[in-house]
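Please look through the model shown here before reading the explanation below it.

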Amino acid sequence: MKLSEGQTTQAREVVVPGEKVADQGFKPGEGVYRDADGLYSSLLGVVERDEARSVVRVRALRGQYIPHPEDIIIGKVIEVGLTDWEVDINSPYMAKLDARDAGVEVDPITVDLRRYFDVGDYLAAKVVAFDRVTPPSLTVMGKGLGKIRGGIIVSVIPSRVPRIIGKKGSMISMLDKMLKVHLVVGQNGYVVVQGSDPDEVAFAVSIIRKIEAEAYTYGLTDRIKEILTKRYENQNGKDSTGVASQRRRCKE
Amino acid sequence: MGKIAQESLLSDDGVRSDGRRIDEARPFEVQVGVLTQANGSALVKQGKNLILAGVIGPYEAERHSQYLDRGVLRTRYHMQPYSTNERKSPTFTRREIELSRAVREALEPAVILTDLPRAQIDVFIEVLQADGGTRCASVNAASVALADAGVPMRDLVTAVAIGKVRDTLVVDINDLEDENGQADFPIAMMPSKGKITLLQMNGLLTQEEIQKSIEMARGVIRSLYEVQVEALKRRYAPLAASGNREGGSDA
Amino acid sequence: MRRLLPLAIERVVRMRKPSFQGALRQDFLEVMLSKLESGQRMDGRNLEAYRELKVELGVVPKAEGSAEVWLGQTNVMAGVKVGTGTPFPDTPDEGVLTVSLDLAPFAHPDYQPGPPDEKAIGWGRVVDRGIREGKALDLSSLVIEPGKKVVTLWLDLTLLNQDGNAQDAAALAALGALLTTRFPDEVSTVLGKSWLELSHYPLSVTLAKLNDYLMVDPTLDEEEFAQTELTISAIEDGRISSMQKVLSGPLTQEDVVRAVSIARHKTEELRNLIFEAVKRHKSRDSEPLGQA
């Protein structure tokens with residue numbers, strides 16, 4: 001799922017549509033199609049070979065978000081129906097949130113769904129199913145899901161979200177630990193930054209922008225860590241939470 | 001306007017009016033991701049052609065124009081008034097409608113539309129400066145812009161026009177050769193597949209000449225394709241050196 | 001998290017639907033206003049700063065004059081075509097200048113292909129009036145045979161990428177293209193000069209008003225929230241050649257006076273940037289210079 005952190009010095013292999021990525025022995029994963037004499041990329045992206053399972057896939061470098069079940073996404077309610085909400089999830093496809101998936105008893109006569117989510121509200125939701133022919137379905141039942149009540153939404157290129165999360169969540173857990181804000185990362189390219197100090201929020205936004213801009217460079221996690229450490233070292237006088245000393249320790 | 005003598009288009013020792021050999025393509029340059037509002041974009045310089053292609057989408061098509069089993073590709077080829085020697089009226093001409101279709105049909109076989117049910121993709125082509133072979137340069141720009149937009153494709157599409165001057169086949173014809181030559185034969189291919197996706201011909205050619213034209217086109221297309229691929233990779237290739245900025249809309 | 005900042009979207013992605021609907025609009029506004037209070041804008045600029053300006057001249061050699069301008073991420077191309085034709089009956093002793101502006105359909109996801117709409121015509125008209133009323137061209141010098149044959153100039157502008165303040169970007173591109181317009185032989189031999197000469201150099205400055213704040217060079221996000229916008233064209237001696245207020249919000253007299261003063265010194269800054277680019281362009285050009 002996540003792009004691997006670059007430990008090696010060798011560049012990741014970028015392919016364009018129509019480039020051969022494997023011989024017949026492999027199975028085509030996402031972004032790969034089978035043709036007469038092998039497997040070919042259908043996207044501009046980075047090749048990932050899973051030798052163990054003989055699967056080759058291409059991770060898109062560009063393009064919009066395509067929903068996958070289990071993805072956490074940030075969506076915006078654009079229409080309220082009698083039994084469901086229509087949600088813009090920053091994808092070619094509009095999603096549906098059924099009232100039942102929001103824990104609401106469906107009774108169009110007595111229940112006005114606007115009481116729960118109104119047009120313009122932002123939600124953290126999970127993709128339940130998507131087959132491209134019918135709209136992706138969402139749920140907000142689950143920990144951390146539901147209406148987003150505050151914060152700034154940063155929109156990033158969806159294919160770069162894995163870098164904000166990092167290998168096995170390494171980046172996001174570092175950000176969570178060091179930044180003085182709360183982050184909700186949507187796979188669809190929306191990141192919610194919540195905090196009480198505008199200055200900290202603005203700084204967090206700039207860090208997310210930096211990760212986005214340098215998504216495909218090596219040593220990114222280390223560089224981000226350096227920036228965070230520097231900022232909070234200089235600021236430790238202001239720091240009243242007592243985590244600053246802890247942070248300084250984890251620097252090296 | 002009177003036609004130029006064939007002799008002035010090709011000298012006795014095989015040199016064309018702009019100094020090229022018969023099998024020599026014009027300078028070809030591709031820039032990827034040059035716009036920020038479009039989902040994908042490419043600027044192509046092919047000879048004096050200066051062509052900007054922008055892709056909007058894929059997005060959910062209006063209900064009445066949706067297909068449940070595939071997406072829809074729309075193209076629009078448009079020339080800027082200042083793109084030609086004589087100012088062109090900005091209103092849409094029949095030629096632009098014809099070329100919009102030719103470009104769309106050249107691209108369609110490469111785009112995996114079945115991966116995008118209910119969706120629509122718009123490819124808008126603006127000719128900023130026109131030289132010979134604008135439709136081919138437009139196909140070259142559009143296919144890169146589609147890849148840049150993350151649209152699933154079987155292959156890129158690459159095109160070149162073969163012409164005939166002084167009874168000789170020449171590749172990648174310019175304006176002068178287009179207007180005064182004996183044939184104009186634009187060909188687009190999916191280069192990795194070797195399949196032809198656009199084919200038009202005006203003029204008089206023999207069967208042998210047609211066969212030879214396709215062979216010549218195949219060679220030029222191969223080299224143009226390499227430039228397209230290089231441009232895409234250069235724009236988005238991972239940079240080994242840390243701290244180097246990777247492009248994207250933030251460039 | 002104790003008190004949360006209001007919900008807002010930092011970079012707006014527009015796809016088919018307007019982004020600032022419902023709850024979000026008010027929240028974004030609050031963030032914007034709290035920044036403006038401290039003299040800052042969402043992108044970190046102060047209220048009177050322009051975004052980075054990039055100018056390229058002579059990008060379309062088939063046009064007699066051309067310029068491409070990037071103002072931040074707003075991108076405009078200008079091309080000048082020169083020909084000859086008959087003058088208008090009411091101005092038999094003047095050349096003909098036609099200015100128009102077109103929106104490339106990829107310039108913004110909401111733009112549709114088709115003939116210029118209200119927006120495009122509006123922006124084109126503002127540029128046109130800036131040039132015409134600012135007497136940038138001495139049209140009486142573009143006459144070949146009075147009443148019969150005059151020089152016709154077509155200035156066509158294309159908005160290629162929209163991130164706000166298309167007006168000023170268009171005015172910059174227009175001036176750049178006119179300043180590098182070379183006459184074709186049929187005109188230069190008759191008029192005895194190879195470059196189009198300008199009498200004045202109009203440029204515009206656009207200000208967006210939000211509550212009591214006047215923001216110079218608004219981005220698309222700022223334009224979305226502006227109650228009104230004022231575009232002011234000025235020539236090099238500080239005189240104003242045209243003004244245009246758009247949108248339904250009101251302006252005070254003080255606003256207008258302040259805006260005019262800002263426009264006068266901002267157009268001068270921008271003009272110098274264009275002049276430098278023109279100088280570089282013409283010194284690169286191998287042909288003899290028509291003027292310094």
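The paragraphs that follow treat a sheet, its helices, the chain contacts and the other chains in turn.

This is a predicted model, in which local features need pLDDT of at least 70 and side-chain atom pairs count only at pLDDT 80 or more, whereas totals for chains, interfaces and linings use all residues. Residues are numbered from 1 along each chain as its sequence is written, while chains are lettered from A and ligands numbered from 1 in the order in which they are written.

In chain B, five strands form an open sheet in the order E1-E2-E3-E5-E4 with mixed pairing, where strands (E, at least two residues) and helices (H or I, at least four residues) are DSSP runs numbered from the N terminus, and two strands pair if DSSP finds at least two bridges between them. Its edge strands are E1 (28–32) and E4 of chain B, each of which pairs on one side only. Neighbouring strands of this sheet are turned by 15 degrees against each other on average, direction ignored. Within the sheet, E3(B) and E5(B) are antiparallel over nine bridges, and Leu52(B) has Glu126(B) in E5(B) as its bridge partner.

Helix H2(B) packs on this sheet by touching E4 and E5 of chain B, and its direction makes about 140 degrees with that of E4(B); axes are lines fitted to C-alpha atoms, for helices over the stretch in contact, and angles run from 0 to 180 degrees between N-to-C directions. Contact here requires that the C-beta atoms of two residues, placed from the backbone, lie within 7 Å. Because the 14 residues of H2 (residues 94–107) of chain B should span 20 Å at 1.5 Å a residue, the 20 Å between its end C-alpha atoms agrees; the expected span is 1.5 Å times one less than the number of residues. Among the buried residues of H2(B) are Leu99(B) and Val103(B), a residue being buried if 20 or more other C-beta atoms lie within 10 Å of its own. The cover over the buried residues of H2(B) includes strand E5 (119–129) and helix H3 (134–148) of chain B.

Between chains, 24 residues from chain B meet 27 residues from chain C. The largest share of the chain B side, five residues, comes from E3(B). Chain A, in turn, has 30 residues in contact with 36 residues of chain B.

Chain C contains six helices and eleven strands, and buried residues make up 44% of its 292 residues. Among contacts in chain C between residues at least 6 apart in sequence, 68% join residues at least 24 apart.

Methods. A residue is buried if 20 or more other C-beta atoms lie within 10 Å of its own, exposed if 12 or fewer, and partly exposed in between; C-beta atoms are placed from the backbone.
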